[in-house]
Amino acid sequence: MDRPFGLLAELTYSCPLACAYCSNPVNLADYSGELSTQEWLRVLTEARDLGVLQAHLSGGEPLLRRDLVELVAGATELGLYTNLITSALGLSRRRAEQLKAAGLDHVQISIQADEAAASDRIAGTPSFQRKIEAARLVKELDWPFTLNVVLHRQNIDRIEPILDWAEELAADRIELANTQYYGWAWRNRDALLPSREQLEQAETVVRAARERLKGRMDVIYVIPDYYSQYPKPCMGGWAKRQLTVTPNGDTLPCPAAHALPLPRANVREDSLEQIWTRAPVFERFRGTDWMPDPCRSCDRREIDFGGCRCQAFQLTGDAASTDPVCHLSPDHEIVTETVRAANEPTRPVDVELIPRPHRAR
């Protein structure tokens with residue numbers, strides 16, 4: 001059995017933003033009983049003992065946790081590489097200096113578009129200028145810095161000026177990640193899925209940027225699953241390399257697995273070691289023995305592992321089915337029909353979005 005090297009610690013689902021593509025669960029009220037500081041420190045210790053090397057501190061908005069500095073210091077003492085995944089709202093100079101002193105290794109900031117009106121509309125709150133100021137503070141404090149932009153139908157046409165912003169902010173890395181359709185993004189899929197023409201134009205811009213920025217900034221571009229011939233390898237293989245702990249302690253092989261009809265596992269009831277090695281939610285799709293055809297007899301079964309289990313469940317109602325993104329799936333027409341609709345010539349770009357509700361702590 002493999003050991004995980006990455007822990008996604010979703011410290012809270014509270015967030016000042018209302019992004020319509022948020023992958024957080026839609027039933028946010030079920031996660032109000034957040035782990036305490038001591039419980040998170042125990043989780044980090046058990047993660048280190050399990051083999052984890054990287055702790056990605058996320059949410060919601062992790063800066064809303066008053067104990068964030070203490071958690072970073074604890075992870076640093078354990079020898080974990082720490083990455084703060086944040087909207088940057090709440091990253092004051094004082095807080096940033098405290099996090100730097102605590103040993104935080106890396107900062108990833110999200111922006112929604114290249115100018116304030118569009119970014120604030122997509123985020124659901126005025127935030128663009130504060131994000132830019134926070135990004136400059138991160139560079140001033142000499143952190144390795146990633147800029148993350150979730151792409152979709154309503155901002156992908158602005159990818160060139162978005163890259164210009166990344167260059168101006170001296171980001172070490174930019175992630176241009178097309179929306180993955182889970183959580184709130186699933187509810188907004190019809191308004192978010194880009195057209196083939198939009199994707200082709202974006203890919204042309206990305207290729208030129210990679211060449212121009214080579215040696216200065218890494219440009220990561222992830223296409224939408226729905227336009228792929230083969231599915232993505234779910235988390236590098238189900239329960240193979242990564243695990244997620246949610247705010248209330250539920251522990252999952254991937255951030256979207258809360259939607260699957262599988263028995264829950266929680267760090268308040270079992271250790272991470274017990275959960276990783278024996279919990280049904282981790283064992284169910286580990287390896288390849290569970291696979292039906294065409295996956296079972298496919299040469300790619302050790303490459304993409306049958307695709308995304310959460311996506312298979314959302315699209316077919318059966319988490320064990322072949323991911324319909326795959327052109328070999330008997331359910332592939334579900335995806336082709338969705339793509340066909342996204343490419344209708346009369347389809348508007350700025351369709352009204354259903355926002356993720358703000359949730360304060």
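Buried means under 20% relative accessible area. The views below show a predicted model.

View 1. A search of the whole structure finds zero disulfides. The sulfur of Cys15 lies 6.4 Å from the closest cysteine sulfur, in Cys19, which is too far for a bond.

**View 2. The open sheet of nine strands.** The strand order is β7-β6-β5-β4-β3-β2-β1-β8-β9, and the pairing is mixed. β7 and β9 are the edge strands, each pairing on one side only. β5 and β6 run parallel and are joined by six bridges. In this pair, Leu151 stands opposite Asn178 in β6.

View 3. β8 spans residues 242-245 and is covered on both faces. Gln242 and Thr244 are buried on one side, Leu243 and Val245 on the other. In a regular strand, side chains alternate between the two faces of the sheet. β1 (residues 6-10) pairs with β8 in the parallel sense over four bridges. Gly6 stands opposite Gln242 in β8. With β9 (residues 251-252) the sense is antiparallel, over two bridges. Here Val245 stands opposite Thr251. β8 and β9 form a hairpin with five residues between them. In the turn, Gly249 has a positive phi of about 100 degrees.

**View 4. Helices α1 and α5 on the sheet.** α1 (residues 37-50) lies across β1, β2 (54-58) and β8. The helix runs at about 170 degrees to β1. α5 packs on the sheet as well, touching β4 (106-110) and β5. Its direction makes about 165 degrees with that of β4. Arg130 is found in α5. This residue is partly exposed, with a relative accessible area of 43%. The C-alpha atoms of Arg130 and Glu77 are separated by 31 Å, and the two residues are 53 apart along the chain.

**View 5. The buried face of helix α6.** α6 covers residues 159-168. Ile159, Ile162, Leu163, Trp165 and Ala166 are buried. Down the helix axis, the buried residues fall within an arc of 155 degrees, so they line one face of α6. An α-helix has 3.6 residues a turn, so residues three or four places apart point the same way. The cover over these buried residues includes α5 (128-140), β5 (145-151), β6 (173-178), α9 (196-212) and β7 (218-222). After α6 comes Ala170, with a positive phi near 60 degrees.

**View 6. Leu176 in the largest nonpolar core.** This core holds 111 residues. Leu176 is among those that touch the most other members, together with Leu7, Leu99, Ile159, Ile174, Tyr221 and Tyr226. Beyond four places in sequence, Leu176 touches Val149, Leu151, Ile159, Ile162, Leu163, Val206, Val219, Ile220, Tyr221 and Val222. Of these contacts, Ile159, Ile162 and Leu163 are also buried residues of α6. In soluble globular proteins, nonpolar side chains tend to be buried together.

Conventions:
Residues are numbered from 1 along each chain as its sequence is written. This is a predicted model: local features need pLDDT of at least 70, side-chain atom pairs count only at pLDDT 80 or more; totals for chains, interfaces and linings use all residues. Side-chain values use heavy atoms; hydrogens and water are left out. A disulfide is a pair of cysteine sulfur atoms within 2.5 Å. Buried means under 20% relative accessible area, exposed over 50%, partly exposed in between (1.4 Å probe, protein chains only). Two strands pair if DSSP finds at least two bridges between them. The arc is that of the directions from the helix axis to the C-beta atoms. Contact means heavy atoms within 4.5 Å. A nonpolar core is a set of buried Ala, Val, Leu, Ile, Met, Phe, Trp, Tyr and Cys residues joined through side-chain atoms within 4.5 Å. Axes are lines fitted to C-alpha atoms, for helices over the stretch in contact, and angles run from 0 to 180 degrees between N-to-C directions.
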